[in-house]
Amino acid sequence: MNTPVEALATVPMWIAGKPVVPAGARMGEVYNPATGAVARLVPYADAATVDAAVQAAAAALPAWRDAPPLRRARVMQKFLQLMQEHQKELAALATAEHGKTLPDALGSVQRGIEVIEFACGIPHLLKGEYSENVGSGVDCHTVRQPVGVCAGITPFNFPAMVPLWMFPVAIACGNTFMLKPSEKVPSCSVRMAELFRQAGLPDGVLNVVHGDKEAVDAILAHPGVSAVSFVGSTPIARHIYETCARNGKRVQALGGAKNHAVVLPDADIEFTADALIGAGYGSAGERCMAISAVVAVGAAADPLVALLKKKAEAIKIGAGTTEGVDMGPLVSAVHRDKVKGYVDLGVKEGARLVVDGREFVVKGHENGFFLGTTLFDNVKPAMGIYKDEIFGPVLIVLRVKTLEEAIALVNSNPYANGTAIFTESGGAARRFENEIQVGMVGVNVPIPVPVAYYSFGGWKNSLFGDLHVHGTEGVKFYTRTKVVTTRWPHQDTPAPGFNMPTLG
Ligand code: NAD
């Protein structure tokens with residue numbers, strides 16, 4: 001039974017250290033994907049609300065920018081502690097709005113918390129360089145200064161982790177921040193902002209606005225926003241990148257993916273099949289690093305497909321809160337129907353349907369957004385189910401004859417987020433690692449997500465911009481280098497002359 005609208009809780013925005021529900025705001029619905037019911041409402045920001053958040057961030061900037069990095073790091077340490085204490089609560093919020101299983105949600109919050117751990121040590125990475133006597137009596141040094149008010153726009157599939165890729169790094173570097181999480185999963189971001197305030201973060205340093213295209217367009221147009229980090233689908237990432245470039249903003253825009261796993265005949269097939277099942281169907285395939293295309297080389301194909309079939313059929317599907325469940329529902333009815341449409345398309349295109357998840361129903365959750373696991377074999381590169389990112393529990397197998405053919409196939413795909421090779425051959429793995437044109441590569445590791453002190457990002461249509469997120473590239477993105485050249489008069493050094501100097 002659906003709750004009457006007036007009884008639903010509203011997820012507020014978070015501006016200048018306070019929860020805010022702007023009067024007369026357009027309201028959106030937040031679903032519980034396991035039941036299909038509307039669970040909460042969320043107000044959508046218009047340009048005026050975005051402006052209020054930017055003003056709050058701008059007002060907080062001078063003091064936060066000039067706070068000693070160690071003082072900022074101490075607030076970060078306290079935030080780290082609170083996040084650890086509230087990890088289960090945040091995971092439960094992610095499960096409630098996204099649908100993924102609780103253990104998976106807990107792991108994703110953990111990966112986000114690791115970025116906070118990294119951010120606690122950022123003072124070390126803010127140090128500049130110094131050279132004495134670059135000219136006679138002339139010294140030179142660099143400083144890394146914050147960029148200003150930064151914005152983050154994030155997708156539905158990691159309600160806590162992807163925002164955590166951004167705001168702890170930006171804030172530790174001395175910036176202030178405005179986060180626009182996915183309107184489908186708004187609660188984690190607001191809860192994290194509350195905890196950060198409790199940790200001692202001054203009001204206005206972190207703000208959260210909700211909304212859709214209207215809010216995003218207001219962020220991209222706002223002259224007070226200096227840098228934008230985006231994670232989401234490729235068409236929107238491209239739009240964000242182009243608009244920010246036009247508007248003179250620093251931008252990193254991470255897009256969609258089609259991640260290939262190349263399986264050589266010498267691979268341990270049981271180990272590989274287990275790895276691919278987790279990477280293909282975990283979180284219902286709604287991970288940007290999910291393996292969605294298996295490239296089986298030569299004799300690997302037949303035994304691999306047989307094992308994948310057996311294991312895909314054995315996956316336990318149910319509500320993310322039910323113990324022992326491997327895979328939850330998809331995020332929305334619209335997305336579930338879109339994924340189902342791709343299974344229809346694959347059949348029409350002539351791929352071999354090995355496991356069909358279209359008619360799957362979870363008893364007691366008939367209105368939930370569930371779909372069973374689907375496996376296709378004999379998929380060809382020209383098919384839509386190969387070319388498009390499906391972002392659901394659909395794994396496809398393409399068959400090739402050689403490693404060269406596999407590498408050429410992966411390199412001709414416009415997406416280039418992650419990839420993996422499964423083999424026992426060091427030579428084959430080294431060649432793959434060297435020749436593959438993809439941002440993150442696994443060797444017998446299906447989801448090679450870098451830890452927080454490395455940087456995360458793809459190539460080609462999976463990332464628009466130059467710098468990846470978190471790690472040292474994140475620090476580069478959220479800081480600007482200034483080079484200072486110094487000479488002090490009355491030191492027996494020549495005064496500046498008319499011509500460019502020829503001697504040091
Ligand atoms: P999405 O692109 O639909 O939405 C992402 C964000 O953009 C949301 O905050 C949304 O409100 C906003 N948005 C949506 N439409 C917009 C529009 N027309 N104009 C301006 N803003 C708009 O993505 P999603 O469905 O939330 O997330 C899934 C996608 O994200 C997948 O493609 C997945 O591969 C990708 N993703 C990529 C990474 C990565 O690291 N590369 C990580 C996670 C997710």
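A polar contact is a pair of N or O atoms within 3.5 Å; within protein, one must be able to donate a hydrogen and the other to accept it, and residues adjacent in sequence count only if both atoms are side-chain atoms. The structure is a predicted model, in which local features need pLDDT of at least 70 and side-chain atom pairs count only at pLDDT 80 or more, while totals for chains, interfaces and linings use all residues. Residues are numbered from 1 along each chain as its sequence is written, and side-chain values use heavy atoms, with hydrogens and water left out.

In the side chain of Glu 389, a polar atom lies 2.6 Å from a ligand oxygen. Ser 233 also has a side-chain N or O atom 2.6 Å from an oxygen atom of the ligand, and for Glu 183 the corresponding distance is 2.7 Å. Of the 840 Å² of accessible area that the ligand has on its own, the protein covers 88% (areas come from the Shrake-Rupley method with a 1.4 Å probe).

The surroundings can now be described. The ligand is surrounded by 26 residues, where a residue is near a molecule if one of its heavy atoms lies within 4 Å of it. This shell comprises 13 nonpolar, 9 polar and 4 charged residues; Asp, Glu, Lys and Arg count as charged, Ala, Val, Leu, Ile, Met, Phe, Trp, Tyr, Cys and Pro as nonpolar, and the others, Gly among them, as polar. Because domain 1 (5–255 + 462–483) and domain 2 (259–443) both contribute residues to the shell, the ligand lies between them. The domain bounds come from an automatic or database domain assignment.

Backbone angles complete the picture. Most residues other than glycine have a negative phi. Asn 133, which is not a glycine, has a positive phi of about 55 degrees.
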